[in-house]
Amino acid sequence: MSLKFSTALIALMLATPALADDWQTTLDAARGQTVYWNAWGGDDRTNAFIAWVGQETERLYGVKVEQVKLTDTAEAVTRVVSEKAAGLDDGGSVDLIWINGPNFLAMKDQGLLHGPFVADLPNARYLDLSPTSPNAVDFTVPVDGMESPWRLAKFVFIYDSARVDAPPTSMAGFVDWAAANPGRFTHPDPSNFMGATFLKQALIELVPDPTTLQSPVTDEAFAAATTPLWAWYDALRLNLWRGGESFPDNQSVQQQLMNDGEIDMAMSFDPASTAGAIAQGLLPDTARVFVPEGGSIGNVSFVAIPYNAANAEGAEVVANFLLDPATQAHMQNIEVLGSFSVLDPAKLDDAAKAAFAALPNAPALPALADLGPTLLEPHASWMTRLTEEWARRYTK
Amino acid sequence: MTLEIIDLSVSFRDHLPLFPPLTLTIPQGEVGTIMGPSGIGKSTLLDAVGGHLAHGFAASGQVRLNGRSLDGIPAEARRIGLMFQDAVLFPHLSVGDNLAFGLGRHVRGRPARAAAVAQALDQAGLPGMERRDPATLSGGQRARIALMRTLLAEPLALLLDEPFSKLDAALRAEMRDFTYRHIRERGIPALMVTHDPQDAAAALGPMIQLRGTD
Amino acid sequence: MRSVVLTVVVLGLLTPIAAGLWQTGRAAFGILPAIGAIDASLSPWGGLLALPGLSTAIRLSLFTGLAATGLSLVLAVGFCAAVHGRMSRQVGARMLTPFLAAPHAAIAIGLAFVLAPSGWIARMLAMPLGWDRPPDLSSVNDPWGIALVVGLMVKEVPFLLLVILAALTQIPVRAQMAAGRALGYGRGLVWVKIVMPQVWPLIRLPVLVVLAYSLSVVDMALILGPSNPPTLAVLLTRLYSDPDIGLILPASAGAILQLVLVVQAFGLLWLAERLVARLGLVWLRRGGRGTSTEPLLHLATGATLALLAVGALAMLSLAVWSLAWRWTWPAPLPESWSLKAWATPSSGWARALANTAALAITSTALCLVLAIAWLEGEDRAHMPRARWAKGLIYLPLLIPQISFLFGMNVLVLRSGLQLGFWTVVWAQSLFVFPYVMIALSDPWRARDTRLDRTAAALGAGPWRRLIRVKLPVLLAPVCTAAAIGVAVSVAQYLPTLFLGAGRIVTLTTEAVTLSSSSDRRVVGVYGSLQAALPFLAYALAFFIPAALHRNRRDLRGEAFT
């Protein structure tokens with residue numbers, strides 16, 4: 001057998017599209033692996049859900065999951081970067097990352113990701129992967145099968161109905177509300193994802209031409225698009241908690257401030273989290289969810305596998321398990337996590353549909369209809385510019 | 001058995017020697033005495049003989065035990081017992097274990113070793129005190145235990161560093177007799193430093209008065 | 001034996017620091033081939049200087065570090081002057097143990113709740129004062145870093161008190177106090193004019209350790225310090241973990257800047273020492289008996305006790321939160337209680353506890369063996385401790401962690417070692433060894449060496465003397481040194497983070513991560529465990545020798561010395 005032929009054969013094997021046999025190969029290789037899932041660890045319910053995922057995958061596929069709890073997803077990216085820098089091209093310490101937005105863009109650009117793998121997952125058949133679906137575009141960056149969706153996120157505000165009679169109905173309305181209630185509103189530090197989202201939500205409402213946000217940012221576009229935003233923010237900032245001098249680190253700290261009575265509103269990327277937090281004793285019973293009338297930003301949380309992951313097969317098995325309709329229904333249960341499913345309801349079979357329909361309800365759980373339209377995330381480069389500019393303006 | 005000290009002198013770093021070279025021969029069963037004012041280096045002299053010199057001290061001259069030079073032999077191999085004015089019993093061990101620590105390895109088997117310890121306690125007049133905490137003994141009792149512990153190691157010579165100075169007058173005479181008697185019975189040479197003339201007089205052995213070098 | 005120990009210490013402890021500094025230094029000047037930076041340049045410094053809020057961050061670091069060290073020293077000296085002679089060293093040490101044992105992060109988490117505008121103190125005041133809403137004050141994460149200063153002081157005043165109490169045993173204070181008072185000087189003045197000048201040389205190194213630590217602390221500053229901008233060390237930790245890997249270069253420049261700040265602060269202290277010595281002599285020669293210093297002593301005593309009370313409240317709040325279920329403003333105590341936070345192993349505390357204990361036991365055991373080998377080596381070589389050796393032991397405590405840990409991380413990765421349990425043990429040992437060594441050195445040298453000579457005269461060789469005589473007699477200080485080692489190991493945050501690739505989850509890394517989450521009850525569990533583990537070690541260090549030596553009167557009452 002000539003060398004040329006065997007090379008061709010290998011190339012052919014590599015090019016073969018995913019088949020059931022291949023998935024069996026993945027399952028075989030994955031058995032006995034321990035997947036180090038690097039995920040933000042600030043939410044105990046998510047941590048508990050990840051632990052449950054690990055129990056299930058170990059039971060079903062012999063794949064253990066160890067959550068590496070991060071304070072910031074960027075830590076995992078740095079870890080992969082430093083491993084690449086050290087020439088550690090396989091046997092890397094990160095197997096799976098809960099990721100999206102700028103962190104995904106950074107890893108994709110630097111070739112730090114394994115894949116494309118999403119189409120190979122058997123449960124990908126329940127996903128809408130058409131090019132404009134939120135599952136296929138992450139912050140306007142094409143996913144290209146390099147990360148697999150697992151939970152739906154939609155930006156919402158939380159308010160304490162015992163203290164707040166009428167929450168603002170638009171982002172512009174926050175200025176008036178804060179003026180009437182000085183020191184009772186704040187947002188997470190924009191270096192944090194949630195704080196940046198708050199600014200983006202305002203930017204989308206206040207920008208003269210929303211379409212500019214869908215292309216990469218330029219100096220010119222940035223100046224034009226953000227002028228009204230900074231005017232709005234300067235007016236708002238005067239009446240923020242602590243005079244706008246300091247900010248909670250993230251939405252969890254902000255939620256705690258609300259429970260402590262220091263502020264009257266909080267934010268979340270998870271419409272069901274409020275009902276969950278009430279049940280957990282972490283928010284007053286009177287906490288409720290609202291969104292501005294124009295709608296709010298929505299996006300999908302993904303998992304990605306680094307190019308040098310030591311347990312890539314196990315990571316694929318976990319990513320596939322996350323897309324199982326039963327897993328997604330369990331996840332959407334407010335007593336578990338309460339995150340909305342990423343699956344396309346039209347692609348589910350009857351049993352799966354029934355499982356979703358049977359999920360419990362709660363007073364603080366908004367109906368999907370109350371959440372208004374979903375606004376598209378701006379191109380990821382906008383967020384970076386926005387947070388840098390915010391830091392430049394307001395960090396002394 | 002004889003302890004010979006030949007032209008022995010000790011100096012600290014590059015200072016002058018602490019005392020002029022000293023020569024002394026102690027035959028078996030006798031107690032040689034060294035007298036002198038405090039601070040002259042009497043204890044250091046004993047350290048030189050026993051092999052315990054601290055860092056920075058250097059000895060010149062020779063020490064011979066039964067005709068064998070002790071140069072370069074570590075303290076634990078010299079088989080020279082050492083007694084302080086405080087009994088220096090090991091505080092973490094019981095009275096019996098202190099004695100067992102001294103007892104030579106050649107006594108084998110638990111019953112034989114226990115018997116040897118019990119016999120030593122009898123000789124010290126403290127029968128049945130194996131399990132006592134040494135801290136609860138009186139000064140005289142501690143001194144006797146310390147001597148018995150030293151003798152159980154079957155030393156070839158004995159060094160006594162002001163051994164009786166902490167005891168009151170009545171006890172001192174009794175302890176002196178007890179110690180000298182055992183030294184005679186064992187037939188080993190002993191070297192004692194003291195500034196009590198009565199200790200020296202009772203010792204009956206050779207005596208040297210130390211003076212400084214200046 | 002001595003050369004083996006020295007080789008281990010130099011290779012194991014000194015080389016990683018030196019090499020880590022070297023790597024960080026190279027990155028600070030643009031060389032980090034790992035990310036494709038190969039040309040030396042000053043651009044990392046440009047990038048650093050262009051960071052928003054850098055000058056505020058530097059000012060914050062300097063202010064919090066100097067203020068915490070200075071105030072801690074003043075309070076500790078004042079408190080010692082006031083209570084010396086009325087409180088035995090043993091009682092004092094026992095009272096201070098919980099504060100020494102509790103890791104910085106645990107204290108910080110507790111304090112953040114106690115001091116917050118909606119915190120425990122405010123909740124206790126809310127009912128009587130009729131507060132409907134918490135005051136809009138920034139009493140934690142305040143822009144000046146005052147909460148951070150208070151947090152550091154809660155840990156450092158007890159540490160300095162212990163150090164001063166130990167130093168005082170080497171000085172005939174009682175006689176000098178009597179002599180001074182007989183000459184007409186008040187207690188406070190004798191203390192300042194006579195006792196302190198003798199104490200200072202004995203505590204100078206520990207004060208430098210406190211200063212270096214305060215200037216570069218990360219975990220406590222994350223929890224109690226301001227965030228916009230934070231202190232320099234926190235800013236650098238953020239830069240190192242930014243997804244934009246290019247920021248590693250300015251971060252490294254900042255790490256070198258952090259080292260420069262610490263060195264400058266040392267210089268400042270040296271100048272201050274000279275100045276005080278000169279002016280102090282002038283003052284002393286004038287012979288002024290002055291007015292009574294009693295009010296000042298009372299002030300120092302009061303402030304110290306208040307500080308300790310707040311610290312105790314912080315630790316208590318961790319335990320209360322861990323048992324709470326619903327606890328909203330303005331309830332002074334939880335509205336409902338629950339064991340759920342403890343009962344859910346899914347929150348992972350069992351694994352974190354196991355990891356923490358395994359790391360603490362391993363690194364402490366290693367360091368203890370090394371320290372004993374070092375001290376025994378000195379005995380066998382008949383050598384006293386050289387000055388450079390003392391400097392060597394203190395070195396890891398005097399260099400800011402952030403200045404060399406990144407470089408060490410790069411080196412370890414490049415040498416092909418897997419980051420994990422053993423690299424964390426190694427990194428922690430850099431800081432455990434000095435404390436174990438310091439804790440063991442004095443009792444080792446103060447022991448009755450006639451016991452060794454007696455044992456030798458009875459025919460016991462060096463090993464038998466070590467195992468049968470020295471170690472049993474030194475059991476209490478060995479146990480205390482082990483407890484200190486455990487406490488230091490448990491408290492390590494940055495070394496565990498940098499050299500564990502985040503996979504080695506400990507109570508401290510979890511507590512710091514969770515401190516920015518919404519569930520104080522879970523944080524309370526981690527914080528309580530974090531404080532309890534070292535405390536348990538101290539308790540064992542007290543009870544093991546007491547039990548083993550219960551029938552040995554001469555060895556009792558030596559624990560905690």
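Two strands count as paired when DSSP finds at least two bridges between them. Keep that in mind for the first view, and remember throughout that this is a predicted model.

**View 1. A three-stranded open sheet in chain A.** Here you're looking at strands in the order β8-β7-β9 of chain A, with antiparallel pairing. The edge strands are β8 (265-268) and β9 (287-290) of chain A, since each of them pairs on one side only. On average, and ignoring direction, neighbouring strands of the sheet are turned by 30° against each other. Zoom in on β7 (residues 156-160) of chain A and you'll find four bridges linking this strand to β9(A) in the antiparallel sense. Which residue is the bridge partner of Tyr159(A) in β9(A)? Look for Arg288(A). There's a helix in the picture too: α9(A) packs on the sheet and touches β7 and β8 of chain A. The direction of α9(A) makes about 150° with that of β8(A).

**View 2. The two domains of chain A.** Step back and chain A splits into domain 1 (15-151 + 300-361) and domain 2 (156-298 + 372-394). Notice that each domain is written as two stretches of the chain. Their C-alpha centres lie 28 Å apart. Where they meet, 15 residues of domain 1 of chain A are in contact with 16 residues of domain 2 of chain A. The domain 1 side of this contact has seven nonpolar, five polar and three charged residues.

**View 3. Where chain A meets chain C.** Two pairs of chains are in contact, and of these, chains A and C share the most contacts. Chain A brings 52 residues to this meeting, and chain C brings 47. On the chain A side, the elements giving two or more residues are α3 (44-61), β2 (64-70), α4 (74-85), α5 (102-109), α9 (251-259) and α14 (380-394). Which of them gives the largest share? That's α4(A), with nine residues. Sort the chain A side by class and you get 19 nonpolar, 18 polar and 15 charged residues.

**View 4. Where chain C meets chain B.** This contact takes 23 residues from chain C and 23 residues from chain B. On the chain C side, α19 (450-457) and α20 (462-473) each supply at least two residues. The top contributor on that side is α19(C), with six residues. The chain C side divides into eleven nonpolar, six polar and six charged residues. What about chains A and B? No contact joins chain A and chain B, and their closest C-alpha atoms lie 48 Å apart.

**View 5. The two domains of chain C.** Chain C is assigned domain 1 (1-42 + 342-561) and domain 2 (55-338). Between their centres, taken over C-alpha atoms, there are 23 Å. The contact joins 41 residues of domain 1 of chain C to 45 residues of domain 2 of chain C. Helices supplying at least two residues each on the domain 1 side include α1 (2-28), α21 (475-491) and α24 (520-548) of chain C. Of the contributors, α24(C) gives the most to that side, with twelve residues. By class, the domain 1 side has 27 nonpolar, twelve polar and two charged residues.

**View 6. Helices α11 and α12 of chain C.** The axes of α11 (residues 232-240) and α12 (residues 248-286) of chain C come within 9 Å and cross at roughly 155°. An angle over 145 degrees counts as roughly antiparallel, so α11(C) is roughly antiparallel to α12(C). Their crossing is left-handed. Among the residues making the contact are Leu232(C), Leu236(C) and Tyr240(C) of α11(C), along with Ile248(C), Ala251(C) and Gln258(C) of α12(C). Sorted by class, the contact has ten nonpolar, two polar and no charged residues.

**View 7. Helix α9 of chain C against α12.** Follow α12(C) along and you meet α9 (residues 187-216) of chain C, which packs against α12(C) at about 165° with the axes 10 Å apart. These two helices are therefore roughly antiparallel to each other. Left-handed or right-handed? The crossing of α9(C) and α12(C) is right-handed. From α9(C), the contact includes Lys193(C), Leu208(C) and Ser216(C), and from α12(C) it includes Gln258(C), Phe266(C) and Leu284(C). The contact's residues divide into ten nonpolar, two polar and one charged.

Technical notes: Residues are numbered from 1 along each chain as its sequence is written. Chains are lettered from A and ligands numbered from 1 in the order in which they are written. This is a predicted model: local features need pLDDT of at least 70, side-chain atom pairs count only at pLDDT 80 or more; totals for chains, interfaces and linings use all residues. Two residues are in contact if their C-beta atoms, placed from the backbone, lie within 7 Å. Ala, Val, Leu, Ile, Met, Phe, Trp, Tyr, Cys and Pro count as nonpolar, Asp, Glu, Lys and Arg as charged, and the others, Gly among them, as polar. Domain bounds come from an automatic or database domain assignment. Axes are lines fitted to C-alpha atoms, for helices over the stretch in contact, and angles run from 0 to 180 degrees between N-to-C directions. Angles under 35 degrees count as roughly parallel, over 145 as roughly antiparallel, 65 to 115 as roughly perpendicular and the rest as oblique. A crossing is left-handed if the near helix is turned anticlockwise from the far one by less than a right angle, and right-handed if clockwise.
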